[in-house]
Amino acid sequence: MSKLPPRRDWAWIAHSGPHQIIVACDNDGVLSPFVDDPLAARPLPEAVAALRRLVAVGVRVAIVSGRRAEYLEDRYGPSAESRMTYIGMAGAEIISPSYSWTAPLAREMVPAIRKLVERASAILAPKGIAIEDKVVSLVLHHRTAPELIPLALSFAAESAIAYPNLTVSHNTAVTEIMPDFKIDKGIALMELIRRVGGITSVIYLGDDPANDEVVADTLHGQDDVSSVIVTVAHGQLEQRSLVAKSDFTVPDAAGAARVLNEVADHLELTSS
Ligand SMILES: [Mg+2]
């Protein structure tokens, strides 16, 4: 378990200098509110401003998402300028100010994904499932049409049988067919902690039932890193287990931005 079980009292981070802190955030539903067209989602300006404040005081900021790392770079600015680290594909892609990395399997599976995108466009799109071509994976969106979930799942299962290097990740909003990277957000975050060195505290804001729960479990398992897990709780039953592992919850992306600003307020005060 983490040494400190801090709640919404940021005095505890005075034990760490800003350079010993990582603030890591999921993107969708946390920094970027859900919208009906997932391709139209944009991060809240106040969240982006808060992240910039954190970077300015010396905190390492990471955005850890199922989106492509290049998508994150497009939304938050080039890593070299923003000084943020973008961890995409739930850990399989990293763009940081000092290094970049992509899991080799991502490139290998591009032709297979292209075939599946064509097939899904022919079979699923006419039935009302929105197809998102991420080049290294295929996302089937059904958040606004839950009756189409069985159709999406059977397509995904057939795809994973046809291509054993592919796996399926599913929740009520999306079904994603992607390379089986054998990596997750928790592993990727620990790798970032190791590479940066000297990190004593991590603040993580998430909302994904499976992906972000792995982060909570991973951070809670560290003896030498204190962590605070904040969940943006949208009131979905499937988030229950993640909420139970969190230090506190906020109701929406605006609440997440307030948390980031509180941390920035505190660090600006203590480091000035
Ligand atoms: Mg999310």
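This is a predicted model: local features need pLDDT of at least 70, side-chain atom pairs count only at pLDDT 80 or more; totals for chains, interfaces and linings use all residues.
The phi angle of Ala90 is near 50 degrees, which is a positive value in a residue other than glycine.

Met89 lies in that loop too, between β3 (85-88) and β4 (93-95), and its phi is likewise positive for a residue other than glycine, near 50 degrees. Met89 counts as buried because 25 C-beta neighbours are found inside 10 Å, the threshold for burial being 20 or more.

Nonpolar side chains in soluble globular proteins tend to be buried together. In this model the largest nonpolar core has 54 residues, and those with the most contacts inside it are Val23, Ala256 and Leu260. Helix α10 supplies the largest share of this core, eight residues.

When neighbours within four places in sequence are left aside, Ala256 is in contact with Val30, Leu31, Ala47, Leu205, Val232 and Val250.

## Packing of α1 against α10

Two packed helices are described by the angle between their axes and the distance between the axes. For helix α1 (residues 45-57) and helix α10 (residues 253-271), the axes come within 9 Å and cross at roughly 25 degrees. Because this angle falls under 35 degrees, α1 is roughly parallel to α10. The crossing of α1 and α10 is left-handed.

On the α1 side, the contact is made by Glu46, Ala47, Ala50, Leu51, Arg53, Leu54 and Val57, while α10 contributes Ala253, Ala256, Ala257, Leu260, Asn261, Val263, Ala264, Leu267, Glu268 and Ser271. The residues of this contact divide into twelve nonpolar, two polar and three charged. Ala256 and Leu260, which take part in the contact with α1, are also among the residues with the most contacts inside the largest core.

From α7 the contact draws on Lys185, Gly186, Leu189 and Met190, and from α8 on Asn211, Asp212, Val214, Val215, Asp217 and Thr218. By residue type, the contact of α7 with α8 comprises four nonpolar, three polar and three charged residues.

Because eight of its ten residues are buried, α8 is largely enclosed by the rest of the structure. The buried residues of α8 are Asn211, Asp212, Glu213, Val214, Val215, Ala216, Thr218 and Leu219. What covers them includes α7 together with β10 (201-206), β11 (226-232) and α9 (240-244).

## Met178 in strand β9

Met178 has its place in strand β9 (residues 174-179), and it counts as buried because it has 25 C-beta neighbours inside 10 Å. Leaving aside its neighbours within four places in sequence, Met178 is in contact with Ser137, Leu166, Thr167 and Ser169. Between Met178 and His142, which are 36 residues apart along the chain, the C-alpha atoms are separated by 17 Å.

Technical notes: Residues are numbered from 1 along each chain as its sequence is written. Axes are lines fitted to C-alpha atoms, for helices over the stretch in contact, and angles run from 0 to 180 degrees between N-to-C directions. Helices (H or I, at least four residues) and strands (E, at least two) are DSSP runs, numbered from the N terminus. Angles under 35 degrees count as roughly parallel, over 145 as roughly antiparallel, 65 to 115 as roughly perpendicular and the rest as oblique. A crossing is left-handed if the near helix is turned anticlockwise from the far one by less than a right angle, and right-handed if clockwise. Two residues are in contact if their C-beta atoms, placed from the backbone, lie within 7 Å. Ala, Val, Leu, Ile, Met, Phe, Trp, Tyr, Cys and Pro count as nonpolar, Asp, Glu, Lys and Arg as charged, and the others, Gly among them, as polar. A nonpolar core is a set of buried Ala, Val, Leu, Ile, Met, Phe, Trp, Tyr and Cys residues joined through C-beta atoms within 7 Å. A residue is buried if 20 or more other C-beta atoms lie within 10 Å of its own, exposed if 12 or fewer, and partly exposed in between; C-beta atoms are placed from the backbone.
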